[in-house]
Amino acid sequence: MKKPQPSPEELKAIGLRIKQGDKEAFHFLYRHYFDSLQEYAMRYVYDYQDAQDIVQDAFLSLWVNTDQYDPSRNIVTYLLVIVKNACINHLRNLKIRDSHRDKIVEAMLFSNLEDPETDPELQKRLREVLKTLPEKGHHILLEHIVRRKKISVIAEEMGIAESTVKTHLKRTLKTLRENLLFILIGI
Amino acid sequence: MDKNQMIEWEIIARKIKGEASEEEEQIFQAWLAEDDSHRKYYEKAEKAWNEECSEPRKADIERLIERFDWFADRTPRRQAPVRRMNWSLAAAGVAILLAAGGILWLKQKEVPAVQTVAQAQHEAIEPGRPQARIILADGQTVNLTGRDSVTVVQDKSGADIHVGKGMASYKSESPIAAEQYNTIEIPRGGEFCLQLSDGTMVWLNSDTRLRYPVAFSGKERAVELQGEAYFEVTKDRAHPFIVRTAGADVRVYGTSFNVNAYPGAVQHTTLATGSVGVARNGREYRLQPGQQARFNPKDEHTEIRNVNAASYCLWHKGMLIFENERLEDIMARLAVWYNVETAFEAERLKDLHFTGDLERYADFSEVLRMIAMTTKVNFKINGRQVTVCPRE
């Protein structure tokens, strides 16, 4: 089942309802963004359950602290910042530092969640990596990882063979692995 | 490796790709050897980076939403700006919620139930809020304000305590050698929620202490309680759960129930669901749902009676339910939650009875006005001293 991405106006209304403690608005965010946020956290913690706990905690924290939320801010970005901070904390507990902020870029790439509040330099790096990805590759990667579609479903939707989808995916992941390190640190 | 030194993610990434230099390899190995969690993380990172494509795992969003709702229903949101009602406003008549059979709204104007003695403006007496401190096995204390961001506290025993937002829960990945105890203390005007290592949930009321092992070992799961707590015990027939109080042992057979055991007062255990046995002096009283065992420390008398379990158990859901209860008992409960002192101008007032459902998170003045509406009393407030006086 494909959920259409909410429009900016829709998100603004959701933000206002979140501010008022409307549980339905929270449910809406769960259904539209939980998977992506979990994938984002996943690229930091590499553990399915840890990633899920981090995102769940972010929602609970938002519930308690709606007084801190300014509804003129994009609510998804706001949640993303809570998740990101929890992820950085998680790494800190493992004594890992991410001075080059490679993980942020990795997380944004794999989750398709862009944080417009990050600095332009980081966004430039993100675009740089995106440029290196093979055609169709990124689309398939996102369908598979963020929207959690099966290879067979993606193949059918794109009208290509399953093996072709797998090839695209493998090539994209390979390019990502190579360039994540190369480009990020190289710049 | 220096204890506080951090490793750059970049070095780990290079290691995964087999591109680490000799110097990086050394840093990496030192980090890896430092802690088991480091090794586990590296293995997972390596797997994630080398994974070709696996079938996606879908999160159970509806279940996560259910858990969110559960949390949201029990956790008040902090709202800005902080409500600061002064008494003149409070008395001017705010709509209050009354649930009696159905729900009806009453506009309250005429009853000047709450008077302040001093002319000075008073800050509203606010209800309790999440606050607690945990005393770890090594004697160190951790203060919890209920506003803590979600963090993990490590006890020397090896247990991980996940802390945040009015709740603490115990998780331990590796088994804990000897039985190690922690104690949680809730001050007057506080409340807190605790999840024990076996998953049992405990809602702790104001002025309460609970001593418990960080992980359960042995045949019994025993905790010691002073004060009031509502338990939802995880079922485990092989390991009965026991709540020890000064007056009795409550033996649990997988269930939810409330234990009220403040020193010096009548102690009572009320069963909501399942089955518990209350043991005292070698005798065990088995309770059915809706029954309550009462023990009076003054005359050492134990009695079993049928009650409305909700009125004793629903405080943890934000309700104060009184069913034909003595005003003295009611005021004692309110005093702990709102952290006030209470007094009666006349002895006979203590024996007045009140029935009603109140909001536990309401302003104190609203609660008092509710009581005054149906009971012939007035309340005088001086600072944090509340005096019940007769109304003709």
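This is a predicted model: local features need pLDDT of at least 70, side-chain atom pairs count only at pLDDT 80 or more; totals for chains, interfaces and linings use all residues.
A search of the whole structure finds four cavities of 30 Å³ or more. The two described here are set out below.

| Cavity | Volume |
|---|---|
| Second largest cavity | about 50 Å³ |

**The largest cavity**

Fifteen residues line the largest cavity, and those that lie nearest its centre are B:Ala248, B:Gln267, B:Thr269, B:Val278 and B:Phe295. Three elements of chain B give two or more residues to this lining: strand S18 (256-261), strand S19 (267-273) and strand S22 (291-296). By class, the lining of the largest cavity comprises seven nonpolar residues, seven polar residues and one charged residue.

**The second largest cavity**

Residues of chains A and B line the second largest cavity. From chain A come A:Arg43, A:Phe110, A:Leu173, A:Leu176, A:Arg177, A:Leu180, while chain B provides B:Ala48 and B:Trp49. At least two lining residues are supplied by each of two helices, namely helix H9 (162-186) of chain A and helix H3 (36-50) of chain B. H9(A) makes the greatest contribution to the lining of the second largest cavity, with four residues. In the lining of the second largest cavity, six residues are nonpolar and two are charged, with no polar residue present.

**The two linings by class**

Polar residues number seven in the lining of the largest cavity, whereas the lining of the second largest cavity has no polar residues.

Methods
Residues are numbered from 1 along each chain as its sequence is written. Chains are lettered from A and ligands numbered from 1 in the order in which they are written. Side-chain values use heavy atoms; hydrogens and water are left out. On a 1 Å grid over the protein atoms alone, a cavity is a set of points where a 1.4 Å probe fits but cannot get out, and a pocket is an open set with protein on both sides within 12 Å along at least five of seven lines; lining residues have an atom within 4 Å of a point. Grid points are joined across faces, edges and corners, and a volume is the space filled by probe spheres set on the points. Ala, Val, Leu, Ile, Met, Phe, Trp, Tyr, Cys and Pro count as nonpolar, Asp, Glu, Lys and Arg as charged, and the others, Gly among them, as polar.
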